[in-house]
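Let's take a walk through this structure together, with the viewer open beside the text.

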Amino acid sequence: MNCSPVVFTDAEGFKTAKADGSLRQVRNTAMLPGAVSVSAMPDIHHGYGMPIGGVLATGGSDACISPGAVGYDINCGVRYYSFNISKEDAQSFMPDLVKSLYRAVPSGVGKGGDIHLNAKEIHKLLSMGAKWSVQAGYGTEADLESVESAGRLDFADSSKVSELALKRGADQLGTLGSGNHFVEIGYIDEVYDEPTAELWGLKKGQLGMMIHTGSRGLGHQVCTDYSRSFKKAVKKYNIDIPDIQLACAPVSAQESKDYLGAMGCAANFAWANRQVIGSLALQAVSDSLGGVQSNLLYDLAHNILKFEEHNGMKLAVHRKGATRAFSAGHIELSGVYKKTGQPVIVPGDMGRCSFIMKGGEKSMELSLGSACHGAGRKLSRKEAVRNARGRNIAAELSAQGVHVMAADKMSLFEEMPEAYKDVQVVADIVSGLKISEKVVKLKPLCVIKG
DNA sequence: ATGTAC
């Protein structure tokens, strides 16, 4: 190994990481050329090459880039809006709201939306990111201040995105996708950090909306294309790696430059996508509840590669199922977030709860400014379906006061609460380490899924 | 995650 990897978890989490092979994947990741820091969060589970919940930073003369360390859903991420309305005032509208959200936001595998981008527009969008959506009328300029990196990676180069990837993305802007992607309306159930919550405009009982999705078919195709190219690069540059799924190339290699250009485009597409979905969903909320004011708290990427400076070194930081969690005072933060640390949004599962945290005081030191991104799967999709067979998950959730609609019944099986670890445990582990610290707990009221 | 296996 080129560095000593660290897994932040408890005894139970360590056991499951060993059992599902993700611990071995952590070790494999630390064997990549130029790896200077490898860590994994308590939501760690097995992924393609590198585990979900992992952070890999490479630097120095051997630094490499690995598409498998970003993953297939490039810039999968999450955003949260707070509303000026309380749970009590909104609760009775939920059965109607879930339907109007479902109508407003196209969801499901392969699903396209109402926005069709011609060649010129898609290239423009891939360069501009979230700003393209704002200029097209989805949301406001002010939103961009609450998006990580202002919703744009500047090294995006759309000439590096294949025709097939462009084609797959052309009608998927403003669509949710499937799997664990969702739009959820919920409320703040508990406040842990009053001063921060107040600075962020959050209070107990307040209604809000979380959106979780990524770059859809476009990003998936970028990863497919470049996984192929990097497998060749491994031979070409004679790189010794323990798992071909971690195929990598030197940062300076043409393959890496091309991947970074394309990955940046997929990241920008995802930010543009969440910006559009936010706008569509807010319209549905206003239609159902009648004139609601909203404020975008933050939008975070959790599958992405960025160049950051840590301890005086320029590093290629790959976060895969791990979110950025910069501490208070970080140079890349601005406004109130510079004072508090950045928001860290940690979705749980459909039935239990989620957390909004802040970048903790130890995150820079322990995990290169990174934290957990969610609960983490406990059961594989297949196991979850087996356990859910014959049950009516929507009815079970409804009995708990959570209204759910999904494009595919199977996805409710795969995504049922028991398929996930308890996010409370995950949040407590990172809180205890001061990687990220709890600000509020959210509870769901209605959810739409792909 | 994903036109859920080219």
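How far is a phosphate oxygen of DNA strand B from an N or O atom in the side chain of Gln-172? The separation is 3.2 Å, which falls inside the limit for a polar contact (a pair of N or O atoms within 3.5 Å; within protein, one must be able to donate a hydrogen and the other to accept it, and residues adjacent in sequence count only if both atoms are side-chain atoms). Before going on, please keep in mind that this is a predicted model, where local features need pLDDT of at least 70, side-chain atom pairs count only at pLDDT 80 or more, and totals for chains, interfaces and linings use all residues. Residues are numbered from 1 along each chain as its sequence is written, chains are lettered from A and ligands numbered from 1 in the order in which they are written, and side-chain values use heavy atoms, with hydrogens and water left out.

A polar backbone atom of Ser-178 lies 2.8 Å from a phosphate oxygen of DNA strand B, while an N or O atom in the side chain of His-220 is 3.3 Å from a sugar or linking oxygen. Helix 9 gives the most, with 3 residues.

Now for the wider surface. There are 17 residues around DNA strand B, and Arg-168, Ser-178, Gly-179, Asn-180 and Arg-381 come nearest; a residue is near if one of its heavy atoms lies within 4 Å of the strand. By type, the surface holds 3 nonpolar, 9 polar and 5 charged residues, where Ala, Val, Leu, Ile, Met, Phe, Trp, Tyr, Cys and Pro count as nonpolar, Asp, Glu, Lys and Arg as charged, and the others, Gly among them, as polar.

Just after helix 9, Asn-238 takes a positive phi of about 55°.

Next, turn to Arg-79 in strand 5 (residues 77-86). Is Arg-79 buried or exposed? Arg-79 counts as buried because its relative accessibility is 0%, and buried means under 20% relative accessible area (1.4 Å probe, protein chains only). Its side chain makes a polar contact of 2.9 Å with the side chain of Gln-275. Gln-275 is also among the residues touched by Tyr-138, which sits in the loop between helix 6 (130-135) and helix 7.

Finally, look at the cysteines. A search of the whole structure finds 0 disulfides, a disulfide being a pair of cysteine sulfur atoms within 2.5 Å. For Cys-3, the nearest cysteine sulfur is that of Cys-64, 11 Å away. For Cys-353, the nearest is that of Cys-372, at 12 Å. Cys-3 is buried, with a relative accessible area of 13%, and Cys-353 is buried at 5%.

How values were computed:
Helix = DSSP H or I, 4+ residues; strand = E, 2+ residues; numbered from the N terminus. Buried < 20%, exposed > 50% of the residue type's maximum accessible area, 1.4 Å probe, protein only. Contact = heavy atoms within 4.5 Å. Lists of a residue's contacts leave out its neighbours within four places in sequence.
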